[in-house]
Amino acid sequence: MTQDLDLRRTGALHKGSRLSGSGPLSRRSLLVGLGSLALAGCQSTGSNPRLQTMGVAPAAPAIDPYYLQMYAAMPQEKFPVPAVDLRKVDPVYFRQVVPYSTSERAGTLIVDTPNRFLYLVMENGQALRYGVGIGRAGFSWGGRARIAYKRAWPRWTPPAEMIARQPELEPYRNGMEPGLDNPLGARALYIFEGGRDTIYRIHGTMEAWTIGKAVSSGCVRLLNQDVIDLAARVPNDTPIVVQQGGEGIA
């Protein structure tokens with residue numbers, strides 16, 4: 001069980017180092033130039049009882065400019081990625097460094113399926129945490145595997161069983177061209193168990209409101225800005241642990 005579970009249950013945010021950009025995996029490269037800034041998260045302006053009495057709705061919570069920059073538009077991508085509407089994402093799912101106790105070595109990915117988090121284990125009891133959405137397929141497999149390879153702007157080929165359930169997908173039987181509407185998003189990380197493709201993927205999404213949710217389809221989805229960041233940090237053959245139910249990695 002992670003050290004931050006109690007805070008997650010109450011909806012509170014951890015104080016952690018801010019993190020943006022990408023680079024080789026190491027504590028130094030993850031944290032260089034960042035200092036020990038405290039996580040500000042979403043700064044609420046609070047509710048004004050007088051305004052409520054007057055029938056005026058209180059102002060919406062302000063988004064920390066740091067996160068606005070982290071999830072800003074990415075026009076340099078092959079298919080320019082628009083900025084994320086962070087009003088649709090619970091701030092607990094914003095990318096951040098958090099305390100994390102595990103015996104897994106630095107560089108390992110851990111998917112905490114029940115709590116909708118993906119951790120990239122760092123040194124000294126910390127991890128880089130991303131919020132994720134979990135689809136039906138994401139609940140059906142757990143265990144140890146590896147990221148066999150990664151693809152930028154991948155094609156998506158729906159399985160035959162999915163086409164049988166959703167005949168409208170027939171035009172994509174031989175694959176859907178990459179782009180913003182492609183279900184795999186900007187990056188896909190392909191999970192293999194030994195030499196076998198598990199068919200499960202870590203991938204991007206444009207649907208910000210699905211982060212932190214159990215969504216209708218797919219495996220493990222991150223905001224496109226987050227999956228671009230993650231893919232740049234982890235090499236092929238990165239170990240991954242997918243946790244289902246109550247099992248823990250201590």
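The legends below describe close-up views of aromatic rings in a predicted model. Residues are numbered from 1 along each chain as its sequence is written, and side-chain values use heavy atoms, with hydrogens and water left out. Local features need pLDDT of at least 70 and side-chain atom pairs count only at pLDDT 80 or more, whereas totals for chains, interfaces and linings use all residues.

**View 1. Tyr 93 and Phe 117 form a tilted pair.** A search of the whole structure finds nine aromatic pairs (ring centres of Phe, Tyr or Trp, the last by its six-membered ring, within 6.5 Å; planes under 30 degrees apart are stacked, over 60 edge-to-face, the rest tilted). In this pair the centres lie 5.3 Å apart with the planes at 40°, so the arrangement counts as tilted. Both residues are buried (under 20% relative accessible area, with exposed over 50% and partly exposed in between; 1.4 Å probe, protein chains only).

**View 2. Tyr 149 and Tyr 190 form a stacked pair.** Their ring centres are 4.5 Å apart and their planes at 20°, so the two rings are stacked. Tyr 149 is partly exposed, with a relative accessible area of 26%, whereas Tyr 190 is buried at 7%.

**View 3. Arginine charges sit over the rings of Tyr 71 and Phe 117.** Such a contact requires NZ of Lys or CZ of Arg within 6 Å of the ring centre and within 35 degrees of the ring normal. The charged end of Arg 95 is 5.6 Å from the centre of the Tyr 71 ring, and Tyr 71 forms one aromatic cluster with Tyr 66, Tyr 67 and Phe 94. Arg 129 lies over the face of Phe 117, at 4.2 Å from the ring centre.
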